[in-house]
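Please open the structure in your viewer and keep the selection panel at hand. The tour below goes from one selection to the next and says what is found at each stop.

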Amino acid sequence: MTDLAMPSPAPVDDVIFRPLHFRNLTVKNRIFRSNISGIFDNQDGSLTQTRINWESKFAAGGVGAIISSYVPVLMEGRIIAGYATIHRDEFIPLWAKLGEAVHSFDAKYILQLSHSGRQMDLPGVHNQMRPSLTSTSNKETLHGFLCRAMTKGDIEHTINAFAEGAWRAREAGLDGVELHAANGYLFTQFLSSGINDRTDEYGGCLQNRARFLLDVIGAIRAKVGSGFHLQVKLSAIDRNNVIPWEKKGNTLDETVQVAKWVEAAGADAIHVSSGSLFPHPLNPPGDLPLDVLAVTYDAMISSGVYGFRNFLLFRYPLLRPIFHWIWFRMKKGHPVEGVSLEEARAIKAAVNLPVLVTGGFQTASFIREAINSGGVDAVSIARSLVANNDLVKQWAAGADSPARPCTYCNKCLANAPKNPMGCYEEARFPSREAMIDEIMSVYKPRADMRIPLASEL
Ligand SMILES: Cc1cc2nc3c(=O)[nH]c(=O)nc-3n(C[C@H](O)[C@H](O)[C@H](O)COP(=O)(O)O)c2cc1C
Ligand code: SF4
């Protein structure tokens, strides 16, 4: 259904549908599917037909490019087992099949190279009973995940793993890679003044804290050359004091400086996000359903030393106001749609690279204005596309916002540790059964979308 109340330009004149040219890549429009992790793959990191079905839903829906979920470059860098990895050459043909499926809808595929560092939600069999490796030996602050500071040898090994991961993505015929240097994962743990307490050349001043990221960019360029698209996702502001007594972490000015170094090191684009942990009150923006967490967070009780405490705060309604206060105090004064737009604008003004921004986008006229005003070159969208896989097609047909919008309830996020990814907002569906059918549709290729089977590619 389209909302004809709001006039919209014909796609041919509409900046949303104008191609975006990066140095090494052209994307047909300005809408990128933002990264969305989901437990769709095998324990050994090999990807499945289910993931091909999942990504194809968005490609069929009209996005210009898909930026993959978090893809670990090493088994010790996983967040949750069951997400596809890129740590073995044997997986190259599987990624190639996924790429071909997405390309068959004329969309591009950018693979997000990642490492959890200490932000490891569910260790899985490979990481059980051992602290994760990061910039510090101080435990993570929200769940209390334990960790150990990397040695120089560990750092070197990890830099090399990122370069190998980029090479495998290129060998698979994918269109580029993104370094997940946002949202509290390993790169953030080096970048953030609120987390990194090293005293060697990888800690201390901003230049030292950025060294690990810049070394990885250098290693990737050395391995794949300058002709392969490489973008970097950065949190514009850390706001690391979600737990009120923690340090605030990096400021916007510091991230602007990091973005300039990233450009000089050879990156092709910046993808702007927010926060030094994930989830964070401002990412994804919106609600936090503590009642849903009460039935899914038990999977994480033993992951960190604060897991049981958090579970009690979610489980008992009388205790929920405590967590509610901690979480919601930071949201005051921030919009949901375009929550990081002004920060992205500041970064764009300082670099000569295309800038993408994520956070709450769902209205065509708002996105048009963000791009036309020179604030950003494109937007990336996660939840509104989970709710409406064909959102881009709805805009092309003249709608300004979808008939059944994403409510930003974050129930998809709260279900992530245990259940398949999908929209869990029952109010958006005619019935609970209809909602479950839609979630489960990822397990069977949809004939109407002609999603190719991996065996046919
Ligand atoms: C369930 C879920 C999983 C996500 N997984 C990732 C991820 O793997 N990597 C990443 O960089 N961001 C991830 N994000 C963040 C999104 O890519 C996006 O930046 C954020 O949700 C804000 O955009 P939105 O308001 O359009 O959802 C995830 C978000 C959600 C809700
Ligand atoms: S559960 Fe559905 S409506 Fe709620 S935030 Fe996720 S996609 Fe949007």
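## A guided tour

Select the shell around ligand 1, which by class holds nine nonpolar, 13 polar and two charged residues (Ala, Val, Leu, Ile, Met, Phe, Trp, Tyr, Cys and Pro count as nonpolar, Asp, Glu, Lys and Arg as charged, and the others, Gly among them, as polar). Please keep in mind that this is a predicted model, in which local features need pLDDT of at least 70 and side-chain atom pairs count only at pLDDT 80 or more, while totals for chains, interfaces and linings use all residues. Residues are numbered from 1 along each chain as its sequence is written, and chains are lettered from A and ligands numbered from 1 in the order in which they are written.

Of the 24 residues around ligand 1, those that come nearest are Ser34, Asn35, Tyr70, Pro284 and Ala382, where a residue is near a molecule or strand if its C-beta atom, placed from the backbone, lies within 6 Å of it. At least two residues of this shell are supplied by each of β4 (65–72), α14 (383–387) and α16 (411–415); helices (H or I, at least four residues) and strands (E, at least two) are DSSP runs, numbered from the N terminus.

Next, select Pro284, which sits in the loop between β10 and α9 and is joined to Asn283 by a cis peptide bond with omega of about -10°. Pro279 has its place in the loop between β10 and α9 (290–296) as well, and a cis peptide bond, again with omega of about -10°, joins Phe278 to Pro279. In general, most peptide bonds are trans.

Now move to the strands, where β3-β4-β5-β8-β9-β10-β11-β12 form a closed barrel of eight strands with parallel pairing (two strands pair if DSSP finds at least two bridges between them). Neighbouring strands of this sheet are turned by 25° against each other on average, direction ignored. Strand β3 (residues 31–33) runs parallel to strand β12 (residues 378–381) and is joined to β12 by three bridges, and Ile31 stands opposite Val379 in β12.

By class, the contact of α4 with α7 has 12 nonpolar, one polar and three charged residues, where two residues are in contact if their C-beta atoms, placed from the backbone, lie within 7 Å.

Then select helix α8 (residues 252–265), whose axis comes within 9 Å of that of α7 and crosses at roughly 20°. That makes α7 roughly parallel to α8. The contact is made by Leu214, Ile217 and Gly218 of α7 together with Trp261, Val262 and Ala265 of α8.

For the last stop, select ligand 2, around which there are 14 residues, with Cys406, Cys409, Cys412, Cys423 and Glu425 coming nearest. The elements that give two or more residues to this shell are α14 and α16, and α14 gives the most, with three residues. By class, the shell around ligand 2 divides into eight nonpolar, two polar and four charged residues.

Terms used:
Axes are lines fitted to C-alpha atoms, for helices over the stretch in contact, and angles run from 0 to 180 degrees between N-to-C directions. Angles under 35 degrees count as roughly parallel, over 145 as roughly antiparallel, 65 to 115 as roughly perpendicular and the rest as oblique.
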